[in-house]
Amino acid sequence: MAEKVEIYTKWGCPYCVAAKALLDKKGVTYEEYDVTMGGPKKAEMLERVPGARTVPQVIIAGKAYGGFDDINALDNRGELDPILGL
């Protein structure tokens, strides 16, 4: 069974688009939180991922995995699919 995937994004962010495209390619459904205007979801992101200064922030099964470069590196090493439960 696939793990719950959440992604914090901002409008116009090319890394956010790339991260979502990677997840889409894998057929993963995810919950997207737009933090473009700040607000409660931005505060939630900072609480869940202390020190997060950039988006996207990808969270799988409640664990933060970083942004696009991080999940892409995991994918290139063949480690992302098991984390996603694929």
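Predicted model: local features only at pLDDT ≥ 70, side-chain atom pairs only at ≥ 80, totals over all residues.
Me: Is C16 buried or exposed?

Reply: C16 is buried, at 1% relative accessible area. Buried means under 20%, exposed over 50%, and partly exposed in between (1.4 Å probe, protein chains only).

Me: And C13, buried or exposed?

Reply: C13 is buried, at 11%.

Me: On to the cores. How many residues are in the largest nonpolar core?

Reply: The largest has 14 residues. V5, V58, I60, I71, L80 and L84 have the most contacts inside it. A nonpolar core is a set of buried Ala, Val, Leu, Ile, Met, Phe, Trp, Tyr and Cys residues joined through side-chain atoms within 4.5 Å.

Me: Which elements supply at least two residues each?

Reply: Strand 1 (5-9), helix 1 (14-25), strand 3, helix 3 (68-76) and helix 4 (80-84) each do. Helices (H or I, at least four residues) and strands (E, at least two) are DSSP runs, numbered from the N terminus.

Me: What does the second core include?

Reply: That separate core has ten residues, among them C13, V35, M45 and V49.

Me: Back to I71. What is I71 in contact with?

Reply: A19, L22, V58, Y65 and L80, leaving aside neighbours within four places in sequence. Contact means heavy atoms within 4.5 Å.

Me: At what angle do helix 1 and helix 3 pack?

Reply: About 30 degrees, with the axes 9 Å apart. Axes are lines fitted to C-alpha atoms, for helices over the stretch in contact, and angles run from 0 to 180 degrees between N-to-C directions.

Me: Roughly parallel or antiparallel, then?

Reply: Helix 1 and helix 3 are roughly parallel to each other. Angles under 35 degrees count as roughly parallel, over 145 as roughly antiparallel, 65 to 115 as roughly perpendicular and the rest as oblique.

Me: Which residues make the contact?

Reply: Y15, A18, A19, L22 and K25 come from helix 1. Helix 3 brings F68, D69, I71, N72 and D75.

Me: Take A19. Buried or exposed?

Reply: A19 is buried, at 0% relative accessibility. A19 is in contact with I7, P56, F68 and I71, neighbours within four places in sequence left aside. A19 and F68 are 49 residues apart in sequence, yet 4.9 Å apart C-alpha to C-alpha.

Me: What about T36, where is T36 found?

Reply: In the loop between strand 2 (31-34) and helix 2. T36 is partly exposed, at 33%. T36 touches T9, K10 and W11, not counting residues up to four places away in sequence. The C-alpha atoms of T36 and A19 are separated by 16 Å, at 17 residues apart along the chain.

Me: Backbone next. Which residues does a cis peptide bond join?

Reply: V55 and P56, with omega at about 5 degrees. P56 sits in the loop between helix 2 (39-48) and strand 3 (57-60).

Me: What is the phi of A61?

Reply: Positive, about 55 degrees, although A61 is not a glycine. Most residues other than glycine have a negative phi, and most peptide bonds are trans. A61 lies in the loop between strand 3 and strand 4 (63-66). A61 is partly exposed, at 48% relative accessible area.

Terms used:
Residues numbered from 1 in each chain as written. Heavy atoms only, no water.
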